[in-house]
Amino acid sequence: LSDEDAHDLASRIASNARKLDRIVSDLLDLDRLQRGMLTATFVPTDIGAVVRELVAGADVVAGRRLDLDTAPLSMPADVVMVERIVDNLLRNAVRHTPGDSRIWVRVERMDDGALITVEDDGPGVAPEDRSRIFETFNQGSSTGPGRGVGVGLAVVARFAELHGGRAWVEERAGGGASFRVLLSGA
């Protein structure tokens, strides 16, 4: 192999290894959650800062048009779970939208906690798929290379529940998907 081909092959192997690691981590977490072996460790957390730092360091959104709107918002939360929620939502948005789509990430204070929103102006989620895509191994009805294995959004929903909240998706005003996660800091 030429140096260029060897570098390209090594990059693809490393990328696929990271994808596999994320899938295995999500599967292990789902198993631990089902067995009651995984619990949230709540500490005072600035949700806005956590989301800003994660988005700033997220390679998955590099080159994407991204708008970030986060203000300081302190509440009890499990930092690792919040990071995984946002990471999975960002990966989902990138996987299911064309490369020129815009992605919006917001953190807002709600009466009962924090609302994390990840929106895109892609094709959106069919109404009949909106509740079931948060179930383990269930995916939307879209086809193509963007299909996942059906565990990332299940992890998002379970981590939200551990925070006394919930996860859902609705149509974004103007088209696309609006994934929302409410954390109440239970």
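Arginine 180 counts as buried in this predicted model, because its relative accessibility is 17% and the cut-off for buried is under 20%. Its salt-bridge partner is glutamate 170, with the closest N and O atoms 3.4 Å apart. The two sit in distant parts of the chain, arginine 180 in strand β7 (residues 177-183) and glutamate 170 in strand β6 (residues 166-171), 10 residues apart. Glutamate 170 is partly exposed, at 31%. Follow the shared partners and you get one network of Arg106, Glu108, Glu119, Glu170 and Arg180. Within it, arginine 106 and glutamate 108 meet at 3.5 Å, N to O.

The structure holds 8 salt bridges. Another one to look at pairs arginine 102 with aspartate 67, at 3.2 Å between the closest N and O atoms. Arginine 102 is in strand β4 (residues 102-110) and aspartate 67 in strand β2 (residues 65-70), so this bridge ties together parts 35 residues apart in sequence. Both partners are partly exposed, arginine 102 at 23% and aspartate 67 at 32%.

Now go inside. The largest nonpolar core has 44 residues, and Ile47, Leu90, Ile116, Phe179 and Val181 have the most contacts inside it. Helix α3 (residues 79-95) gives the largest share, 8 residues. That helix is mostly covered, with 12 of its 17 residues buried, among them Ile85, Leu89 and Leu90. Beyond its sequence neighbours, valine 181 touches Ile85 and Leu89, and its other contacts include Ala114, Leu115, Ile116 and Val156.

For a contrast, head to the surface: Leu1, Leu9 and Ile13 form a nonpolar patch there, with about 340 Å² of accessible area together. Isoleucine 13, in helix α1 (residues 3-35), is exposed at 53%.

Conventions
Residues numbered from 1 in each chain as written. Predicted model: local features only at pLDDT ≥ 70, side-chain atom pairs only at ≥ 80, totals over all residues. Heavy atoms only, no water. Core = buried A, V, L, I, M, F, W, Y, C linked by side-chain atoms within 4.5 Å. Buried < 20%, exposed > 50% of the residue type's maximum accessible area, 1.4 Å probe, protein only. Helix = DSSP H or I, 4+ residues; strand = E, 2+ residues; numbered from the N terminus. Contact = heavy atoms within 4.5 Å. Patch = residues over 30% accessible without salt bridge, like charges linked within 9 Å, V, L, I, M, F, W, Y side chains within 5 Å. Areas by Shrake-Rupley, 256 points an atom, 1.4 Å probe, with all protein chains shown as cover. Salt bridge = Lys/Arg side-chain N within 4 Å of Asp/Glu carboxyl O. Lists of a residue's contacts leave out its neighbours within four places in sequence.
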